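Please keep the 3D view open as you read.

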Amino acid sequence: MTSHRIALHPLRIAIALPLLATPAVHAADAARGGQIAVECQACHGPDGNSPSPLFPRLAGQHAEYLVIAMQSYRDGRRTDPIMRAAIQNVQEGDLADLAEWFATQKPATGTQAGTADRSAALAAAGQSVGPVGTAPASTGVLASAPTSGCPDPKASPTRDRDGDGVADADDAAPRDRDEFAKDADGDGFHEICTAGQLQAIRTLGTAPGSRTALTLDQRMARNYEIVADLDLAGISNWQPIGDCGPEQSCMKAGDKYGFAGQVEGHGHAVRGLRIDRPEAGGVGLFGVVKKTGVITNIRVIDARVRAGNGAGALVGANFGTVSNAEAIGSDVYAKAAVGALVGGSAGTVIRGRATGKVGGEAALGGVIGDMRGVVTDSWADVAVSGTKGAGGLVGLNTFGRVLNSYATGPVSAVDNAGGLVGMNTDAVVENSYATGAVSGTGTNTGGLVGFNSLSKVRGSYATGAVTGKAAAGSLVGRNAGEVSQSSAAGPVNGAAGLLVGDGSAGAVVP
Ligand code: HEC
């Protein structure tokens, strides 16, 4: 074993010894651990260096320490509900390999190790991760934020003295064409005080005749804090912050062009978002958020969004972290990957909440339309309707995880409609439920999940009424995966129905 074990506290060695003594233990295999670690990426980053302070850095921590930490989440000595759920699927024999892989990754500077920092980050954000069902109707996080970096409210609404394309009334530094937002309190976050400033993150210098030395890349990499409620009513067709670039397909472009910084919303509301870009991809208040991007403590109220694909009130395509964020009264419509909060997400959504309605053709969900990441501690009361792959919380869940979450809205589609998730592929749903009515005019209609393909549904339930044709079940429409410790109470086509409509290719375990 590696030499740094000598440096460990004696207590840790004592705890680690029984594990090392079991005959099943083999020399830890970092390469094998790296393969399993794919399951941890969404939160801890691709190499254990999480870009978000919400998730501790694992890269370069002592392997022995990591094993003990993981065991503690499993056996309840550590109580974090997110991590407890995330580690349940890992075999005991894999812990050492996982730990070895993370231990051999290079720690990035500027990321945070350990859970203490995370608690501080959560406390600073005024939030704590609570159990499902306790999510309040609004964040209630109105931490007093500085306004000293804000423009003079008496400044002329149209005049632009520094010619950067931002009117003086929106410009915290109207004589400095490199600045439109200031970090007056020096906390590393530039204060956003007006709707114009928020839009200028994207549009600075693009107005005819305006000049700026602050490039789009620089603006996209900065951190911002929203210090007032913002009304976007004066902006007729919002330009999403961060986009898919010339490829026009966010999934192809990846997160190349997205917003890379952090936004701390301090619980403030952003009202009146209007977007009508029926051909565009990656559309929302933020269009595309990169892996390093973090959007937190923000409320988007009464947004109306029309787009081609990848559309959500808060984020069109998310590769980063969205936390403690809500979209209330959303009305989002696009062809594919449509969510009331987030359109497509390969990143993490934690404590996301949404109400309103979502419509389109494919991959439609109350919180996220098309998901390849993690959603946890989230809920939706959203009416979802479309052609295929519609879920009260998530439309398509591919390789993803839905944990500790619920949905209450009605769902209707032709194929693959579920109260919580439309279709699971190689995915997991755990400790979650749905109560909305679900109707499907084609195949695979389920109170919780429409089509569960090569996926696991565990410790979950549904109560909504199910109306369907082929393969309709009170819990799962078609099951080609594993359903365990789950139940359902809703009627199917008006009568007591089967838990699983068509389960010929799957298993149900008590
Ligand atoms: C859904 C998000 C999520 C996923 C997926 C996830 N984790 Fe975590 N992890 C967390 C959070 C949040 C914490 C901090 C919990 C706390 O405060 O105790 C954490 C903490 C940890 C810690 C403790 C670190 C320390 O410094 O004490 C370890 C070790 C860890 N995770 C390992 C893993 C491994 C291995 C995987 C993949 C099998 C994984 N995690 C997947 C969210 C996640």
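Which element gives the most to the shell around the ligand? Helix α4 does, with five residues. This is a predicted model, in which local features need pLDDT of at least 70 and side-chain atom pairs count only at pLDDT 80 or more, while totals for chains, interfaces and linings use all residues. Residues are numbered from 1 along each chain as its sequence is written, and side-chain values use heavy atoms, with hydrogens and water left out.

**The ligand site**

There are 26 residues around the ligand, and C40, C43, H44, Y73 and M83 come nearest. Being near here means having a heavy atom within 4 Å of the molecule.

Two or more shell residues come from each of α3 (41-44), α4 (63-75), α5 (81-88), α6 (95-103) and α7 (115-124). Helices here are DSSP runs of H or I with at least four residues, strands are runs of E with at least two, and both are numbered from the N terminus. By class, the shell holds 18 nonpolar, four polar and four charged residues.

**A covered helix**

Helix α8 (residues 195-203) is mostly covered, with eight of its nine residues buried; buried means under 20% relative accessible area, exposed over 50%, and partly exposed in between (1.4 Å probe, protein chains only). Among the buried residues are L198, I201 and R202. The cover includes β1 (190-192), α9 (216-221), β2 (224-226) and β3 (230-231). Just after α8, G205 takes a positive phi of about 80°.

**Ring pairs**

Rings of Phe, Tyr and Trp (its six-membered ring) pair if their centres lie within 6.5 Å; planes under 30 degrees apart count as stacked, over 60 as edge-to-face and the rest as tilted. The count comes to seven aromatic pairs. F259 and F286 have ring centres 5.5 Å apart and planes at 55°, so this pair is tilted. F259 sits in the loop between α10 (250-253) and β4 (262-271), and F286 in strand β6 (residues 286-289), 27 residues apart. F259 is buried at 0% relative accessibility, and F286 is buried with a relative accessible area of 0%.

The rings of Y433 and Y461 have centres 4.9 Å apart and planes at 5°, so they are stacked. Y433 counts as buried at 19% relative accessibility, whereas Y461 is partly exposed at 35%.

Terms used. Ala, Val, Leu, Ile, Met, Phe, Trp, Tyr, Cys and Pro count as nonpolar, Asp, Glu, Lys and Arg as charged, and the others, Gly among them, as polar. Contact means heavy atoms within 4.5 Å.
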